[in-house]
Amino acid sequence: MKNTEHYFDWAATSPTDEDILKEAMELTLEAWGNPSSVHQIGKDAKALLDQARNTAAKAMGVKAENIYFTSGGTESDQIPLLSVLTKPVKGSILISSIEHPAIREQAEAMKNLGWKIIPVPADKDGRITPEAVTNLLSNDTMLVCVMAVNNETGSIQPIYEIADAITKACEGKRRPKFHVDCVQAAGKIKLDLSYKGIDSAALSSHKICGPRGIGILYLKDSIEPFLKGGGQEKGLRSGTENILGALAFSKCLERYYNMDNSTQVQITNNFVKKLSELPGCTIIPPSRLEKPDLFSPYVVQAAFDHIPGNVMLRALDSKGFYISTGSACSSRKNSRPVLEAMHVDSKLRETSVRFSFGPHTSEKAIDELYEAVKEVNSTFN
């Protein structure tokens, strides 16, 4: 595929693995029926859907009955969030201050419906501590949302410790559900979604070399969906299933979900160290240099004095290197809510950019990226 060698915006989307997509296409061309139909053509399609669900579940180390196919990470985030609207009484929802817009913006909209949305503050490292969560729990808390890996800084959140802390704090009384956005974590860091305190998790295909328009919601126990329809996916997510997408996503999970990232860790840590030595460069957060294990090796945030983020992006673009200034879902907005939540200085926010990598990013390409960044930086510093 074109323009992938110097593509460093994998956190926005990834190039699709052609062999997986072709295989899924060939299978669905043969079994093209509606999986809800009771005739043989429908049964053939249903068999493919079941195959995809079983493949995904095996790769993720969970039961197939806990896997629900959706249209993507956003829908997988919003189904648990919107499910609280079916409750007879309104309460509060805890949302980490570094969440993706899929959760952050929807939660804001729910304020108009009378729900209390309580932000959980991040520390200067961009992490949500268990104490920060439990300090805000109350008797009316219905849901807690904390992502596994932040899409802008790469900070890995202590989701298992948070799950344990919620359980302990609610001992002897009703426990709120705990939802985890794993869109930037699946296929990038080790995940254990069967962990006892995790109630739901969102995954997205196009972040790990699968097609767009397909996601997975892992759900430990059934919930009442807010949106109703034809009853597909056991009534949780109505709408005719995207079998091609489900097959392709399941194969991507099989290929990448448990991939060893030790080599990427070394390459990224070296890249971060070299960047930090450039005049005027600040790694965000700076603690990444001392605590690299707390960050995904696939996402790096850095700021460059006197170079607005959009200027760095365009300068690198002109050289054939593709990066971003943050979340693609917020790329046309000038705000940086994640960095604001970390109390990053406004000048650093304006001059920060994101470099993100994937399983096909080579060490040679990252070295060439560094040289290009160094050249652009030298013209301003």
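Trainee: Leaving aside neighbours within four places in sequence, which residues is Thr13 in contact with?

Mentor: Keep in mind that this is a predicted model. With those neighbours set aside, Thr13 is in contact with Tyr7, His206, Lys207 and Arg212. Thr13 itself is found in the segment before α1 (18-30).

Trainee: What makes Thr13 count as buried?

Mentor: Buried means under 20% relative accessible area. Thr13 comes in at 16%, so Thr13 counts as buried.

Trainee: And what joins the side chains of Thr13 and His206?

Mentor: A polar contact of 2.7 Å. The cut-off is a pair of N or O atoms within 3.5 Å, so 2.7 Å qualifies.

Trainee: On to the sheets. What is the order of the strands in the open sheet of seven?

Mentor: The order is β1-β7-β6-β5-β4-β2-β3, and the pairing is mixed.

Trainee: Why do β1 and β3 stand at the edges?

Mentor: β1 (67-70) and β3 (116-120) each have a single partner strand, so one side of each is left without a neighbour in the sheet. On average, neighbouring strands here are turned by 20° against each other, direction ignored.

Trainee: How do you know that β5 and β6 pair?

Mentor: Pairing takes at least two bridges, and β5 (residues 177-181) and β6 (residues 200-204) have three, so they pair, in the parallel sense. As for partners, His179 is bridged to Ser200 in β6.

Trainee: Which strands do helices α2 and α6 lie across?

Mentor: Helix α2 (residues 40-60) lies across β1, β6 and β7 (215-219), at about 120° to β1. Helix α6 (residues 159-169) lies across β4 (141-145) and β5, and runs at about 170° to β5.

Trainee: What is the pairing in the open sheet of three strands?

Mentor: Antiparallel, in the order β8-β9-β10. β8 (281-284) and β10 (352-356) are the edge strands: each has a single partner, so one side of each lacks a neighbour in the sheet.

Note on methods:
Residues are numbered from 1 along each chain as its sequence is written. This is a predicted model: local features need pLDDT of at least 70, side-chain atom pairs count only at pLDDT 80 or more; totals for chains, interfaces and linings use all residues. Side-chain values use heavy atoms; hydrogens and water are left out. Helices (H or I, at least four residues) and strands (E, at least two) are DSSP runs, numbered from the N terminus. Axes are lines fitted to C-alpha atoms, for helices over the stretch in contact, and angles run from 0 to 180 degrees between N-to-C directions. Contact means heavy atoms within 4.5 Å. Buried means under 20% relative accessible area, exposed over 50%, partly exposed in between (1.4 Å probe, protein chains only). A polar contact is a pair of N or O atoms within 3.5 Å; within protein, one must be able to donate a hydrogen and the other to accept it, and residues adjacent in sequence count only if both atoms are side-chain atoms.
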